[in-house]
Amino acid sequence: MAFTTFQGPDFSFISLAPDQGPLGEQLTAWVRRASAAGRVPCVYLRASWCGANVKLEKSLDDPRMQRALRDVEVATLDVDAWVDALTPAGLSARSVPVFFILDAGGRPTGASINGGAWRDDVPENMAPPLAEFFDRARATRPAAPEPAAP
């Protein structure tokens, strides 16, 4: 079964699909929602046939992974479903898993991390580099908009 969503205590992974519209439009809307919630918007490229993706996804309930991913909103893209749209969107990768931080327009900022940043695909190896990566993104994200006055 394909990985589709995961709701953590203060982060989430939601799959985007080609039948929901053009990738650029979906990512722009995704960034707006994530930013409005005060979260870091990013894309996660995955493949169902990739053991590293499966291990990462199964580890999302581990407290170390949850700390690393706090305040992050993740748009999940299956590389096989989106094969023709990834490179034009600036989301090309030689391997999966890979995370890209998105700018306000839904384009990659240039900040990315892939499974090469850790050795074995276990929380004790994945969480530290992911935490460092997302800490940098959290430090530079725009502040969440203030709620409108009544």
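Of the 23 residues in the largest nonpolar core, the ones touching the most other members are Phe13, Leu56, Phe99, Leu130 and Phe134. A nonpolar core here is a set of buried Ala, Val, Leu, Ile, Met, Phe, Trp, Tyr and Cys residues joined through side-chain atoms within 4.5 Å. Buried means under 20% relative accessible area, exposed means over 50%, and partly exposed is in between (1.4 Å probe, protein chains only). At least two residues of this core come from each of β2 (11-15), β3, α3 (63-68), β4 (72-78), β5 and α4 (123-140). Helix α4 gives the most, with 6 residues. Apart from this core lies another one of 21 residues, including Leu27, Cys50, Ala52 and Val96.

A word on what you're looking at: this is a predicted model, where local features need pLDDT of at least 70, side-chain atom pairs count only at pLDDT 80 or more, and totals for chains, interfaces and linings use all residues. Residues are numbered from 1 along each chain as its sequence is written, and side-chain values use heavy atoms, with hydrogens and water left out.

Back to Phe134. Leaving out residues up to four places away in sequence, Phe134 touches Cys42, Ala68, Leu69, Val72, Phe99 and Ile101, with contact meaning heavy atoms within 4.5 Å.

Now for the sheet. It is open, has 6 strands in the order β1-β2-β4-β3-β5-β6, and its pairing is mixed. The edge strands, β1 (5-7) and β6, each pair on one side only. From one strand to the next, the twist averages 25 degrees. Helices (H or I, at least four residues) and strands (E, at least two) are DSSP runs numbered from the N terminus, and two strands pair if DSSP finds at least two bridges between them.

All 5 of the 5 residues of β5 (residues 98-102) are buried, so the strand is largely enclosed by the rest of the structure. Val98, Phe100 and Leu102 are buried on one side, and Phe99 and Ile101 on the other. In a regular strand the side chains alternate between the two faces of the sheet.

| Pair | Sense | Bridges |
|---|---|---|
| β3 (residues 40-46) and β5 | antiparallel | 4 bridges |
| β5 and β6 (residues 108-114) | antiparallel | 4 bridges |

Phe99 of β5 is the bridge partner of Tyr44, and Phe99 also has Ile113 in β6 as a bridge partner. Val98 stands opposite Asn114 in β6. The β5-β6 hairpin has 5 residues between the strands, and there Gly106 takes a positive phi near 85 degrees.

Last up is helix α1 (residues 23-36). Its buried residues are Leu23, Gln26, Leu27, Trp30, Val31 and Ala34. An α-helix has 3.6 residues a turn, so residues three or four places apart point the same way. The buried residues of α1 pack against β2, β3, β4 and β5, while the face turned away from them carries the exposed residues Glu25, Arg32 and Ala36. After α1 comes Gly38, with a positive phi near 75 degrees.

How values were computed:
Axes are lines fitted to C-alpha atoms, for helices over the stretch in contact, and angles run from 0 to 180 degrees between N-to-C directions.
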